[in-house]
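Here are my notes on this model, point by point. Keep the structure open while you read.

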Amino acid sequence: AVQLVESGGGSVQAGGSLRLSCEASGITVSNRCMGWFRQTLGQQREGVAHITSTDKQNYLDFAKGRFTISRDSANNTLYLQMNNLKPEDTATYYCAAVTPDSQGGIWCDVGRPLSDYKYWGQGTQVTVAS
């Protein structure tokens, strides 16, 4: 079965950094739109960062300048480098994937409905203390 497994979350002080990883199996991360999302209790899940098959990146405003999305095709892994973390970044972070570009999955920004993301990881918790 397709699996997306997030790791790298944890507890850090404000101003610290984390690198989240999403190891994929059953799909190839390099041929499709991939995204990182976050969610807290009582809030809608929202996009944080997206990357196209050609490495064009799209970020929600709060993440610009602090977070970087990337992929390592050799390891079939998606990453989110998170720098200068703030307490308001505290959330569960999820990676997700749409269908391959060859099957029409080329829309890759925050406007794309969450329902289009066919595959989701289990999430990794990020907690930032002031």
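1. Two strands pair if DSSP finds at least two bridges between them. Strands (E, at least two residues) are DSSP runs, numbered from the N terminus. Now look at S7 and S8: six bridges join them, and they run antiparallel. Phe 67 has Met 82 in S8 as its bridge partner.

2. A word on the source. This is a predicted model, in which local features need pLDDT of at least 70 and side-chain atom pairs count only at pLDDT 80 or more, while totals for chains, interfaces and linings use all residues. Residues are numbered from 1 along each chain as its sequence is written, and side-chain values use heavy atoms, with hydrogens and water left out.

3. Which order do the strands of the open four-stranded sheet follow? The order is S1-S3-S8-S7, with antiparallel pairing. Strand S1 (3–7) and S7 are the edge strands, and each pairs on one side only. Neighbouring strands in this sheet are turned by 15 degrees against each other on average, direction ignored. The axes behind such angles are lines fitted to C-alpha atoms, for helices over the stretch in contact; angles run from 0 to 180 degrees between N-to-C directions.

4. Next, S11. Strand S2 (residues 10–13) is joined to S11 by four bridges, and the two run parallel. Ser 11 stands opposite Thr 127 in S11. S9 is joined to S11 by three bridges, but these two run antiparallel. Here Ala 91 has Val 126 as its bridge partner. The covered face of S11 carries Thr 124, Val 126 and Val 128. Its uncovered face carries Gln 125, Thr 127 and Ala 129.

5. Now the inside. A nonpolar core is a set of buried Ala, Val, Leu, Ile, Met, Phe, Trp, Tyr and Cys residues joined through side-chain atoms within 4.5 Å. Buried means under 20% relative accessible area, exposed over 50%, partly exposed in between (1.4 Å probe, protein chains only). The largest core has 28 residues, and Trp 36, Leu 80 and Tyr 93 have the most contacts inside it. Elements giving two or more residues to this core include strand S3 (18–25), strand S4 (32–39) and strand S9 (91–100). A second, separate core has six residues, among them Cys 33, Phe 37, Cys 108 and Tyr 117.

6. How many disulfides does a search of the whole structure find? It finds two; a disulfide here is a pair of cysteine sulfur atoms within 2.5 Å. Cys 22 is joined to Cys 95, with S to S at 1.9 Å. Cys 22 lies in strand S3 and Cys 95 in strand S9, so this link ties together parts that are 73 residues apart in sequence. Both cysteines, Cys 22 and Cys 95, are buried.

7. The other disulfide joins Cys 33 to Cys 108, with S to S at 2.1 Å. Cys 33 is in strand S4 and Cys 108 in the loop between S9 and S10, so parts 75 residues apart in sequence are tied together. Counting bonded cysteines along the chain, the pattern is 1-3, 2-4.

8. Last, the rings. Rings of Phe, Tyr and Trp (its six-membered ring) pair if their centres lie within 6.5 Å; planes under 30 degrees apart count as stacked, over 60 as edge-to-face and the rest as tilted. Phe 37 and Tyr 117 form an edge-to-face pair, 4.9 Å centre to centre with 75 degrees between the planes. Phe 37, Tyr 117 and Trp 120 form one aromatic cluster.
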